[in-house]
Amino acid sequence: MSKKNKPTNQKELSFIEKARRAQIVECAIETIAEVGYAQASIGQIAKRANISKGVISYHFANKEDLLEQIPIEYYLAWQAYIVPRIEAQKSPKDMLRVYIESNLTFIDENRQHVFAVIETVSNKRTADGKLQFAADHDEAILLPIENILTLGMQEGVFREFTRSSARVMALTIRSAIDGFTLELTRKPHLDVQEYTRELVTIFDKSTKK
C-alpha cells in the first residue's frame, strides 16, 4: 500500500466503524424499547443487528458501555435539533415558544429513543449506587430555558424573576415537557398539536410581563 492511498483507507475505516457503532446503538435502543433496560442483553442486541456478540465487543467494552451511549446520543441529537431552531428566533417570546414546540415534536418523532433513554437514565447507576446521569442531565437540560428567561427579562418581554424563581419556572417548563413524554407513552394516539398549543399558551401567560 502506498503512502498516497493509506490516509484514504484510514478515513474509510473510520467511517465504517462509526456507521457500525451507530447501528449497534440503534439496535440497543430498539431492544430496550421492546424488552426494557434490565432484560436487554448483548445477545439480543447482536441478534437484532444481525451480527455476532464479538462485533459488539470490538466496539464497546461491555453492555454498560454500550447502553451508556443511548442518553449521550439522544442528547447530541436533541441539541442538533433544538438549538438551531431557537437561535433562528429574534425574540425571547418566540424562543420559548419554539423551545416547547420543538421539544415536543422531537419527542414525538423519536419515541423509541425517548423510551430507551428513560429506561437507561432511570436504571443505570455508578459503582456506589447513584444514578449515573441524573445531576448532569438536569443541569444541561435546564440551562437553555434559564437563558431564555434571563434574556426575556433583560429585554422587558418577560416579567421579573429572581434567580430562584427563574429556576422554578425552568423546572416547571421542563417538567411539563417530561410529563408529555410519559403521557405519550401511556396514550400513543395523543393529539400532539393540541397538547403543544396548550403548553405554549400556559407558559406564554405565566411569563408575560
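**View 1. Thr196 and its contacts in the predicted model.** Leaving aside residues up to four places away in sequence, Thr196 touches Glu101 and Leu104 (contact means heavy atoms within 4.5 Å). Thr196 sits in helix α9, residues 192-207; helices are DSSP runs of H or I with at least four residues, numbered from the N terminus. With a relative accessible area of 11%, Thr196 is buried, a term for values under 20% with a 1.4 Å probe and protein chains only. This is a predicted model, in which local features need pLDDT of at least 70 and side-chain atom pairs count only at pLDDT 80 or more, while totals for chains, interfaces and linings use all residues. Residues are numbered from 1 along each chain as its sequence is written, and side-chain values use heavy atoms, without hydrogens and water.

**View 2. Helices α5 and α9 crossing.** Here the axes of α5 (residues 92-109) and α9 come within 10 Å and cross at roughly 150°; axes are lines fitted to C-alpha atoms over the stretch in contact, with angles from 0 to 180 degrees between N-to-C directions. That makes the two helices roughly antiparallel, the word for angles over 145 degrees.

**View 3. Residues where α5 meets α9.** Among the α5 residues here are Leu96, Ile100 and Leu104, and α9 brings residues including Tyr195, Leu199 and Phe203. By class, this contact has 8 nonpolar, 2 polar and 5 charged residues.

**View 4. Confidence along the chain.** The protein chain averages a pLDDT of 88, and 88% of the residues score at least 70; pLDDT is the predictor's confidence in each residue, from 0 to 100. Over residues 1-11 the pLDDT is below 50.

Conventions: Buried means under 20% relative accessible area, exposed over 50%, partly exposed in between (1.4 Å probe, protein chains only). Angles under 35 degrees count as roughly parallel, over 145 as roughly antiparallel, 65 to 115 as roughly perpendicular and the rest as oblique. Ala, Val, Leu, Ile, Met, Phe, Trp, Tyr, Cys and Pro count as nonpolar, Asp, Glu, Lys and Arg as charged, and the others, Gly among them, as polar.
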